[in-house]
Number of protein chains: 2
Amino acid sequence: MNLSERKKKILRAVVDRYVETAEPVGSKGIASMLSVSSATVRNEMAELENLGLLEQPHTSAGRVPTSLGYRIYVNELMEQQRLSFEDTELINKALRSRVQQLDKIISEAGRVTSLLTNYPAYALAVSTQSVTITRFDLIHVDKHTFVIVAILSNDSVKNKLVHLHFEVEADMLTKLAATFNARFTGIPEEEITPILIQSTERAVGDTTGLVSIVAGFAIEILLETKSRETFLTGTSHLLEHPEFQDIGKARKVLKYLSNDDELLKLPTPELAGNAKITIGPENLAEELKDSSVVVAKYNAGDNLQGIIGVVGPTRMDYEKVAARLSYIAQGLSWLLSGGFTLMGIDDKDE
Amino acid sequence: MNLSERKKKILRAVVDRYVETAEPVGSKGIASMLSVSSATVRNEMAELENLGLLEQPHTSAGRVPTSLGYRIYVNELMEQQRLSFEDTELINKALRSRVQQLDKIISEAGRVTSLLTNYPAYALAVSTQSVTITRFDLIHVDKHTFVIVAILSNDSVKNKLVHLHFEVEADMLTKLAATFNARFTGIPEEEITPILIQSTERAVGDTTGLVSIVAGFAIEILLETKSRETFLTGTSHLLEHPEFQDIGKARKVLKYLSNDDELLKLPTPELAGNAKITIGPENLAEELKDSSVVVAKYNAGDNLQGIIGVVGPTRMDYEKVAARLSYIAQGLSWLLSGGFTLMGIDDKDE
DNA sequence: TTTAGCACTCTTGACCTTCGAGTGCTAAAC
DNA sequence: GTTTAGCACTCGAAGGTCAAGAGTGCTAAA
């Protein structure tokens, strides 16, 4: 869109002021900022309204940006904001927490996102590639107990402690592990069929159900890694914003966000680190037609990537939110894919 | 409290009706149920009001139960409700889901609780006893890779895949595991000191940092099991109830619930399975003085117990909520402490 | 092209009125 | 002594009116 410099300034001023005050902005306030008269501003505003960038809630009110107006603002007027030192420190600290479990880190990232933006935040982890088991180990603990350890193709490791009501020898477990390594590695969940299980039972001469136990575990963890994890935090922030004083609206959005399946359908940016902004009616979901979504992608190793995002009214400080989100996503990418640390060693900085 | 039969009937009727309609109940409606005149009911109601069990929002309105009124209702008038077949089936199905990870089961229990009660639900898992590691195994995967497996005193198993930038022999890992089993088992996190780590390094002649890696992992998981897990679901349900049409109230409660630390302070029932009800001002938290909390405890083995609960307005169908919550808590206890199943075998009923 | 001036529009909040549900009280009935 | 019919009374909810004020569009002058 080709706007004169003055129109750009006015649009920018309207957006900034409306974001701050949540009230329609009149020509007078803007006029003083540009040192022109209010009448001039009114004329310009009328043209911006014709272009579909501004609108009036009613004839005798000030102007409010339309979603198209926000779009222009985001595409052409917005600048890359630098984060304050306090903000980056807060983010770094949250991400550098001691517990290094994947889902803890991700949910923590969601928490800090919500904290820094004052909007509800969600965080997703999505595996992009089908996972298989690359190795089985069976550890004999005592006569009635052993541990199944499975190493997955995405380098995560899963385990389960099994109590038996019959006895089992370490030798038997070693043999069984070898068989599983021969027959059950490198195959997806769908190929672990009852037929395979039965033929394996015959092969090792198992009548106790041991094979079923281990195979069942294999199925379970493969299914589990397929499933996506979602975290939602800071929902109460939604109610702080005047556009959600209408309980009905707030409820609609909150309900939508509580549904994990819907969260997975939300927009996804192509590039990691860069924030993607979806404004009002640009959202596919009916429930979000009045809301905006800002998301950023992070990479967590070859097999996993994820999204963090916030949801709020279209009247949102896109500059600030996008900057924070990008930073957090970049931090996550770094932490999860490259920045391996020797645990317990480099955290003397607490 | 010693009430005449008729007063009990009237109190019960007022509570039931108010729970249903959310509007102050007048003498007329009650009168028809007891086949007396409205004037009689009015007299009785006036006495109930003197006793502090009912109150009027304003002079010319019907009556509403006070928190004391609800308390009497819960203590003396409420009956044990049986769940419908549909409800029990729904609960069973949710708890019997395929993925058997502990936190998944617990969060799922929260989800179904919220679904069945139409209130926000929370679920906590609290370990009651200090956990130690009972056994280490180090599995050699390839020259640069191995897996640490630690079995804990509460029968859970933790692991981590470690990539090294130097090479390591299987023999070394075997030796290291033996050392850790000798020195690091049965001790709490506080006793894994830098001094212990250094002396262990000298004992096995480790200059590569391997000992630090394994010890760091031990510290991490011991810290992690100490931390409590909380899950909150169904927050949007709160907004469905007329007492939370006031955004300010809703926000206060939602914000309170979003704080994990606060959730841990909520009331705890003594007996597993039995629901405990805390009404309005009985709650210690200022934020919940207008709300009620119903909680039930479940046991999950010797070392772990937890709470599931719902939060809603004092105008709550305590009978229904308490029954559902007890059932879910009992189901969880059974599932997590006793009812071991051979995974992947007994779920043909899907 | 910009600006001062002015009539016009529309929301907001204050204030009033009406309506009706429900009450408390009194006196009569059982 | 208890119950009930009757009636005056109270108070909130809903709707209507009105004045104030913010902001606009338009016109005509600078």
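A:Arg315 and A:Glu243 join their side chains in a salt bridge, 2.7 Å from N to O. A:Arg315 sits in the loop between strand S10 (304-313) and helix H12 (318-338) of chain A, and A:Glu243 in the loop between strand S7 (229-233) and H10 of chain A, so the pair ties together parts that are 72 residues apart in sequence. The model is predicted. Over all chains, the salt-bridge count comes to 32.

**Interface of chains A and B**

- The contact involves 46 residues of chain A and 47 residues of chain B.
- The size of an interface is often given as the accessible area lost when the parts come together.
- Here the two chains bury about 4200 Å² between them. Carbon and sulfur atoms account for 63% of that area.
- Two salt bridges cross the interface of chain A and chain B.
- A:Asp260 and B:Arg111 meet through their side chains in a salt bridge at 3.9 Å, N to O. The cut-off for such a pair is 4 Å.
- Four residue pairs are in polar contact across the interface, both partners at pLDDT 80 or more.

**The chain A side of the interface**

- Three helices of chain A each give two or more residues to the side that touches chain B: H6 (102-117), H9 (210-226) and H10 (247-258).
- Strands S4 (133-142), S5 (145-152) and S6 (157-163) of chain A also give two or more residues each.
- H9(A) supplies the largest share, eight residues.
- By class, this side has 20 nonpolar, eleven polar and 15 charged residues.

**The sheet of chain A**

- Strands of a sheet pair through backbone hydrogen bonds, either parallel or antiparallel.
- In chain A, three strands form an open sheet in the order S4-S5-S6, with antiparallel pairing.
- S4 and S6 of chain A are the edge strands, each pairing on one side only.
- Neighbouring strands of this sheet are turned against each other by 15° on average, direction ignored.
- Eight bridges link S4(A) and S5(A), which pair in the antiparallel sense.
- A:His140 stands opposite A:Phe146 in S5(A).
- Helix H7 (residues 170-183) of chain A packs on the sheet and touches S4 and S5 of chain A. The direction of H7 makes about 170° with that of S4(A).
- H9(A) also packs on the sheet, where it touches S4, S5 and S6 of chain A. The direction of H9(A) makes about 40° with that of S5(A).

**The hairpin of chain B**

- S5 (residues 145-152) and S6 (residues 157-163) of chain B run antiparallel and are joined by seven bridges.
- B:Ala150 stands opposite B:Lys158 in S6(B).
- Four residues lie between the strands of this hairpin, in which B:Asp155 takes a positive phi near 75°.

**B:Arg135, with contacts in both chains**

- B:Arg135 is found in strand S4 (residues 133-142) of chain B.
- In chain A, B:Arg135 touches A:Ile139, A:His140 and A:Val141.
- The side chain of B:Arg135 reaches the backbone oxygen of A:His140 at 2.7 Å.
- Within chain B, B:Arg135 touches residues including B:Val149, B:Ala150 and B:Ile151. B:Asn181 and B:Thr185 are also among the residues that B:Arg135 touches.
- B:Arg135 and B:Ala178 are 43 residues apart in sequence, with their C-alpha atoms 9.4 Å apart in space.

Notes: Residues are numbered from 1 along each chain as its sequence is written. Chains are lettered from A and ligands numbered from 1 in the order in which they are written. This is a predicted model: local features need pLDDT of at least 70, side-chain atom pairs count only at pLDDT 80 or more; totals for chains, interfaces and linings use all residues. Side-chain values use heavy atoms; hydrogens and water are left out. Contact means heavy atoms within 4.5 Å. Buried area is the accessible area (1.4 Å probe) that two parts lose on being put together, summed over both. A polar contact is a pair of N or O atoms within 3.5 Å; within protein, one must be able to donate a hydrogen and the other to accept it, and residues adjacent in sequence count only if both atoms are side-chain atoms. Ala, Val, Leu, Ile, Met, Phe, Trp, Tyr, Cys and Pro count as nonpolar, Asp, Glu, Lys and Arg as charged, and the others, Gly among them, as polar. Two strands pair if DSSP finds at least two bridges between them. Axes are lines fitted to C-alpha atoms, for helices over the stretch in contact, and angles run from 0 to 180 degrees between N-to-C directions. Lists of a residue's contacts leave out its neighbours within four places in sequence.
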